[in-house]
Amino acid sequence: MKEPISLTPFFSIFKKKKNKEIHICQKNIDRFYNQKEIDQFGLYLKKKNLVIKEYECLNHCKECKKMPYVEIDGETIFRENVPELIKE
C-alpha cells in the first residue's frame with residue numbers, strides 16, 4: 001500500500017503571514033534615533049505584515065534611558081544601538 005502524499009508543503013505557500021505587532025515608545029525614539037535612523041526604521045515598518053502602535057511611554061523607563069528598544073508580539077527587545085535594533 002502506498003503512503004499518502006503530504007500536501008502540507010504545497011498549501012504552506014498560500015498561507016497568510018501572521019501580522020507582527022510592534023509597539024514603539026515615543027520617548028525612546030526621541031532619545032536614541034537620529035533622522036537617518038528614523039528614515040531607515042520607517043522603511044522597515046512599511047512592510048505589509050506589521051501592525052505598528054506608537055505610545056508615549058511603554059513603562060520600561062529604567063532601560064529606556066539606557067538603550068533603544070521595541071516590543072514585538074509582546075516581547076521586549078533591547079539593543080545597544082538603533083542599527084542593531086533595526087536588524088532584529
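Guide: Helices and strands are here DSSP runs, of at least four residues (H or I) for a helix and at least two (E) for a strand, numbered from the N terminus. The model is a predicted one. On that basis the chain has five helices and four strands, and its elements follow one another from the N terminus as α-β-α-α-β-α-β-β-α.

The four strands make up an open sheet of mixed pairing, in the order 2-1-3-4. On average, and with direction ignored, neighbouring strands are turned by 25° against each other.

The pairings may be followed across the sheet from strand 2. Strand 1 and strand 2 run parallel and are joined by six bridges. Strand 1 and strand 3, by contrast, run antiparallel, with two bridges between them. Here histidine 23 stands opposite glutamate 71 of strand 3. Glutamate 71 in turn has threonine 76 of strand 4 as a bridge partner. Strand 3 and strand 4 (residues 75-78) are antiparallel and share four bridges. These two strands form a hairpin with two residues between them, and aspartate 73, which lies in the turn, has a positive phi of about 50°.

In a regular strand, side chains alternate between the two faces of the sheet. As for what lies against the sheet, helix 3 packs on it and touches strand 1, strand 2 and strand 3; the direction of helix 3 makes about 155° with that of strand 1.

The largest nonpolar core has 13 residues, and those with the most contacts inside it are Ile22, Ile24, Tyr33, Phe41, Leu45 and Val70. Two or more residues of this core come from each of strand 1 (20-25), helix 3 (35-45), strand 3 (69-72) and helix 5 (82-87). Helix 5 is the element that gives the most, with three residues. Valine 70 shows how these parts meet: beyond its neighbours within four places in sequence, its contacts are Ile22, His23, Ile24, Tyr33, Phe41, Glu75, Thr76, Ile77 and Leu85.

Helix 3 also holds glutamate 37. This glutamate is buried yet has no salt bridge, the nearest side chain of opposite charge being lysine 36, 7.9 Å away. A salt bridge would require a side-chain nitrogen within 4 Å of a carboxyl oxygen. Residues up to four places away in sequence aside, glutamate 37 touches Phe32, Val82, Pro83 and Ile86.

The loop between helix 3 and strand 2 contains lysine 47. Lysine 47 counts as partly exposed because its relative accessibility is 45%, between the limits of 20% and 50%. Lysine 47 and asparagine 19 are 28 residues apart in sequence, with their C-alpha atoms 9.9 Å apart in space. For the chain overall, among contacts between residues at least 6 apart in sequence, 66% join residues at least 24 apart. Buried residues account for 27% of its 88 residues.

Key:
Residues numbered from 1 in each chain as written. Predicted model: local features only at pLDDT ≥ 70, side-chain atom pairs only at ≥ 80, totals over all residues. Heavy atoms only, no water. Core = buried A, V, L, I, M, F, W, Y, C linked by side-chain atoms within 4.5 Å. Buried < 20%, exposed > 50% of the residue type's maximum accessible area, 1.4 Å probe, protein only. Contact = heavy atoms within 4.5 Å. Pairing = 2+ DSSP bridges. Axes fitted to C-alpha atoms, helices over the stretch in contact; angles between N-to-C directions. Lys, Arg positive; Asp, Glu negative; His and termini not counted.
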